[in-house]
Amino acid sequence: MWSQLDTGFGHWNVFVWLFFFVIISAFALWVRSLGRMDYKRSTEQDEIFWSGNEVPEDGADFSVPASSSYWGFRVAMEPLYNLLNRFHNGNASDYAGYFIVTVASIGVLVLI
Amino acid sequence: MTASIAEKMDWLGNASYVVVALLVIMALYTIITQKNLLKICVALAVLGSSVNLFLVLLGYRDGGSIPIYHMKGAGDLMVLPTPQCLTLTAIVIALATTALMLSLIILIHKHYGTLDIDEIRRLRG
Amino acid sequence: MNLSDHLPAFLVMIPLLGAFLTPFAGSFNRGTRNAFFVTFSGLTLLTAIALCLSTLNGDVLVYVMGGESFALTLPSGMTYPVRILFEIDAFGSLPILCIAIASFAGALFSLDYMDRFSGWKRFLALYFLMTAGALGMCATGDMFNFFVFVEISSIASFGLVAFWRDKPEAVEASFKYMLISQIAAMLLLLAIGTLYGRYDAVNMAALSAMAGSGTLERVAMGLIIAVLAFKCGSFPMHTWMPDTYAEAPSGVTCLLVTVSQASFYGLVRVCYSIFPGLAAGGVVAWMLIALGVMSMFFGVLMAVVQHEIKRLMGYHSISQVGYMLLAMGVGLLALGSPEAVETYGRAAIRGGIFHSVNYSFYKALLFLCAGSLYYATGTRDLDKMGGLARSMPWTAGMFVVAAAAISGLPPFNGFVSKWMIYESSFAVHPILPAVAMITSVLTLASFVKVFQAAFLGPAKAKFVAVREVPYGMLAGMAVLTVMTLLLSLFPGWFTSGFFESAVNALVNHQSYVRAVMGGM
C-alpha cells in the first residue's frame, strides 16, 4: 500500500484518518443543523455585537493585533523572555563570541 | 597507512605550528573584542592567512624541491603539491570574501553613519 | 558516450553555466530573462530527478573529474584517490532533489516577485551560483571540495541577502551572517588541513577507510561538527538565521532553507560515514541530541512572541532543525550496538531524513507565502495585516497546508515524521519526546496566531485594493504545495522507495567507502 506506513512501533494510514475525519465532520454538521433557524435575517439579530457600540467602518479599528495574542503567556514567562532578549541583543561581536565558545566547548567535549 | 608529516619534522619545525596557533587565537580574540568593523575585517584576513600558512606548512619537506617533474633539478625529493593547490584556492576565496565584506562595510557606513559594531543592531529580539 | 553516466557532472555544470552565461547574455528583455531563468532551473531539476532515480536501488554513483576515465577512482599504483570526485548515494540524492525543487519553485516565484526591481543579471548569477554551491555540497566526495562549495554557496548567499542594499537591515543581516560564517569557514579549513596532515588525503571515503581515534581526528571532527551545526542553525549559534531569512527576498529565502539542509547533510555525512567509529554511541551523539533539544525549545519560544512574519518563520526554522538533529543524534547513539540499530536506530534515522525532506518543502512554501503577503500588502508586520483571506484565497489555502504540516497536524506529512521521531527518541529517554511535543504545541500556537492575524478578522480599509498575487508566484508556491500533499498522502511509498535506501546507505558506511576504494 502506498499510503500505509509501518514505523516499526505502529501503523499510520492517512486514508483511515481521512475516513474518520469525514464521519466526524458529518456528525458535527448534523449537530449544527439542530440549532435554531428561526432568527430574523437582515435585522439587528444578524449584526455583529460589539459591546453594544456602533461597529466601526474600518476593520483596523476593531481587529486584534498579533502582538496581543498570548499576552498572558508572555507575561508569565517574562523572566525567561528577558533572558532570551538579552541573548539576542543584535551585537555581532557577542554572536561571534557565542559561536567561538560553542566551538571550543564542542572541541573539548569530543576529547573525552 | 602513510606516516604523518608532523612526525617527520624535528622539534624546531613544530615551532611554526605554534605560530599558526598564536595567529588564530589572536585573530579570534580581535574579532570578539574590537568594536571597529574595519579592524574586525583585518582580523578575519589574519585568520584566513594563518590557516593558509598552516596549509603551506603541511606540504613542507626538508630539502625538497618544486613539485614539477622536469624542473626539480637533481635529487628526487619534492614538496607536496596538494597543499599548495589548496592554499591557492583558499587565498582566492579569502580575497573574494574580504572584498565583499569591505563593500558591505561601505554600505553599512552609508546607512548607519558609524562603524561601531555596538550601534549596528537594528535586528534584535 | 552514455549521457546518464555524466549526470553528477551535469548537476553542478548546468547551474554554473547559467551563472556564468548571465553576464555575457547582453541586455535581457523580460521574456528571454524569464525563459532563461526557468530553463536552467528546470534542467537542474530534471538532472536531479534522474540522479535520484538512479540511486534508489542502493547504487553509489562515483564520478572522477579530470581522470582518464570518469569511473577510475584509483589510478594505477595508488592506494587512495588523488583526484576530485563526486560520490552520490541514496542519502545524498535526497537533499539534491530537495534543493533542485526549491530552486525551481523559488525561480518561478521570483519571476514576478523581483519584477519591480533592477539588477536582474546579478540576481540571476548569484541565484544560480548558490544553487550550484548547495548541490555541490551534497554531491562531492572530497573534503576540500566540500569547503569550496560551502564557500560558493555562502558568498552567493551574502550577496543575495543584501540584494536590497538600500535597506539598512538587509545589509546588516548580511554582514552579521558573513562575519560568523567566515570564522566558521576558516575553522573548517583548519580541520580539513589537520586531517590532510594526518592522513595525506582529503577524500571522504579514503578518510573513512583510514580514520583512527587519535586526538587530531577528534579535534578535527569536533571542529567540522561545530561549523556545520552553525551552518544549519543550531541553538547557541543560530542568531544569523532569523536575520537573514527575514531580510532576504522571499525566493532567496526558499533556497536558503535548502542550503541549510545541505549543511545538515554534511553534518550527517561526517558523523555517519566518515567518523562512524568515533561518533557512534558516545559523546558526539549526546552532543547532537543536546543541540537538537535546545534548538527546538528556544527557537520556538522566541518564535511565539515575534510579530514580524518572516522573522517568526526564521525562528521556527531553528526549532525544526532541532527535530532533525535530535533524530540523527538518537540514530547515532543507536549505531554503537547492532540490536539498538534494529530496535530504534533505523526508525530514528528514517524519521530524521523524512523530517528534513518535509521541512525543505513546507518551510520553503511558508516563506513564499510570507513573500506573497509582503508583495500584496507592502508590510511584513503581522499587526498591520488582517482579513486577507478574502482577497488572497489561493495564498491562504496554501498557507494552511504548510502551517498544518509544520505544526504536525494529522493527516499532513509533518505529523508522520514527527511521530517517528517521538517514538524512536522515547526509547532513549522519555524527556526527549516530551520536549519535542511541547515544541510542536507551541509551533501550532504561533501559526494559529499568524493565520488569525494575517488572513482572518475584519477587512481593513487600507487593504481594499489588495488582489491575489500574479500567476508566476502562485505557480512557485503550487510546486511546493503539491510536493507537501504528495508526501502527506503517500508516506508509505516515499518511505519504502526513497528513505529506506537512504537509511541503508547511512547505517552501512562500508558501501560508501567501497564505491571509491574498491574491495577493501
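Leu326(C) belongs to the largest nonpolar core, which holds 270 residues. Leu326(C) is among the members that touch the most other members. Ile96(C), Leu188(C), Ile225(C), Leu332(C), Leu365(C) and Ala402(C) share that standing. Helix α6 of chain C, residues 168-199, gives the most to this core. Its contribution is 21 residues.

Confidence was examined for chain C and for the model as a whole. The mean pLDDT of chain C is 88. In chain C, 98% of residues reach 70 or more. The model scores ipTM 0.91. Its pTM is 0.92. Where pLDDT is low, predicted coordinates should not be read in detail.

Chain A has 4 helices and 2 strands. From the N terminus on, its elements run β-β-α-α-α-α. The radius of gyration of chain A is 27 Å. A compact globule of 112 residues would have a value near 13 Å. Along the principal axes, the C-alpha atoms of chain A fill a box of roughly 75 × 55 × 25 Å. Buried residues make up 13% of the 112 residues in chain A.

Chain A meets chain C through 40 residues of chain A and 54 residues of chain C. Several elements of chain A each supply at least two residues to this side: β1 (4-6), α1 (14-33), α2 (71-76), α3 (78-87) and α4. The largest share comes from α4(A), with 10 residues. By class, the side of chain A that touches chain C has 27 nonpolar residues. A further 11 are polar and 2 are charged.

Chain A also contacts chain B. Here 10 residues of chain A are in contact with 9 residues of chain B. Helix α4 of chain A, residues 92-109, gives the most to the side of chain A that touches chain B. It supplies 5 residues. This side divides into 3 nonpolar and 7 polar residues. No charged residue is present on it.

Methods. Residues numbered from 1 in each chain as written. Chains lettered and ligands numbered in written order. Predicted model: local features only at pLDDT ≥ 70, side-chain atom pairs only at ≥ 80, totals over all residues. Core = buried A, V, L, I, M, F, W, Y, C linked by C-beta atoms within 7 Å. Buried ≥ 20, exposed ≤ 12 C-beta atoms within 10 Å, placed from the backbone. pLDDT = per-residue confidence, 0-100. Contact = placed C-beta atoms within 7 Å. Nonpolar A, V, L, I, M, F, W, Y, C, P; charged D, E, K, R; others polar. Rg over C-alpha atoms; globule rule 2.2 N^0.38 Å.
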